[in-house]
Amino acid sequence: MLKYMIGIDAGGTHSTAIAYDENGNELARSEGGPGQINNNYELGIKNISNTINDLKNKVNGDCMKILAGIAGLSVVGNAPEVAATISSNVGNIPTRAITDSLLALYNGLEGADGALVIAGTGSVVNGRQNESLIAVGGYGSQLGDEGSGYAITKAALQAALLKWDQRQKSSLVDLFVKIWDLDSMDEAPAKFYKMTSPEVASYAVEVAKLADSGDEEARQIIQDQAHLLARDIIFCLDRYEDPKPMRIALTGSVLSNNAMMRSIMEDAVKEKYPDAVFSVSNGENARGVIFDKSKDYRYFTNHNS
């Protein structure tokens, strides 16, 4: 019988489960609802389990293990219990629960030592050396997420509001009035506070477009956020033991789509670590299951009884 494994990337907007054979070839995939568990634990677990069960129905074979990368797991904690709960919902298949950022690290580095930088709605830097893991940042929109889409939009809005308070002309003021259809900037704070984090982050692309057009105000926002993200990368590299792995994979919409941000960030890191080698990570993060060598997979036959 065909033997296969499942990787699932459970994020704040949707979950993607992919089945791979023992050679790493994709067999099938399923998409499901949000799998983030710190906002709504029960719904997140339900969506993850339903997505896995849907995928299992597409593959005629024996599933050996499931690696679930779950947004919000670092906040909720108790990964073994989360893994056991999912396992009990999907036929008691050995399951391991890790953060979605660690899953991305496994995929981005293909099992090698190095760092993975994620900058999308939020941001985090994860490093791996000799099976030891390092995390820098990833504290959410209120405490961190430097260089993320959320942070770029927030910083641009703060700069625009400062200009507005002084009644000075500003391209950033003009930008927010236009994209948010405001009568004046007085309406901007209420608009901002009603948005979800992904909605706020989605406007970072407008700031980036303005920067790319040569606007100095917008370029300063991108530069400041790029340097903050570079700082976090340097913190990670500083914590490695010698000889330090210098491979750095980049993923997330901000780094994948913003060449200016990426270039400024890379140059800042190379001022201290000139041997750093950057690459943009491609492919689904669920692929990380192929490279996970951990034996810490859990299942409980009578978990719900």
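User: Leaving aside its neighbours within four places in sequence, which residues is Asn 285 in contact with?

Analyst: In this predicted model, Asn 285 lies in the segment that follows β10 (277–280). Once neighbours within four places in sequence are set aside, the residues in contact with Asn 285 are Asp 9, Leu 103, Ala 104 and Asn 107.

User: Which side chain does a polar contact of 3.2 Å join to that of Asn 285?

Analyst: Asn 107 is one of the residues in contact with Asn 285. The two side chains are joined by a polar contact of 3.2 Å. The partner of Asn 285 is therefore the side chain of Asn 107.

User: Does Asn 285 count as buried or exposed?

Analyst: Buried means under 20% relative accessible area. The relative accessibility of Asn 285 is 15%, so Asn 285 counts as buried.

User: Which strands stand at the edges of the open sheet, each with a single partner strand?

Analyst: Five strands form this open sheet with mixed pairing, in the order β3-β2-β1-β4-β5. One side of each edge strand is left without a neighbour in the sheet, because each has a single partner strand; these are β3 (26–32) and β5 (95–99).

User: In β2, what is the bridge partner of Ile 8?

Analyst: Strand β1 (residues 3–10) and strand β2 (residues 15–21) run antiparallel and are joined by seven bridges. For Ile 8, the bridge partner in β2 is Ala 17.

User: What angle does the direction of helix α4 make with that of β5?

Analyst: Helix α4 (residues 100–109) packs on the sheet, where it touches β1, β4 and β5. The direction of α4 makes an angle with that of β5 of about 100 degrees.

Technical notes: Residues are numbered from 1 along each chain as its sequence is written. This is a predicted model: local features need pLDDT of at least 70, side-chain atom pairs count only at pLDDT 80 or more; totals for chains, interfaces and linings use all residues. Side-chain values use heavy atoms; hydrogens and water are left out. Helices (H or I, at least four residues) and strands (E, at least two) are DSSP runs, numbered from the N terminus. Buried means under 20% relative accessible area, exposed over 50%, partly exposed in between (1.4 Å probe, protein chains only). A polar contact is a pair of N or O atoms within 3.5 Å; within protein, one must be able to donate a hydrogen and the other to accept it, and residues adjacent in sequence count only if both atoms are side-chain atoms. Contact means heavy atoms within 4.5 Å. Two strands pair if DSSP finds at least two bridges between them. Axes are lines fitted to C-alpha atoms, for helices over the stretch in contact, and angles run from 0 to 180 degrees between N-to-C directions.
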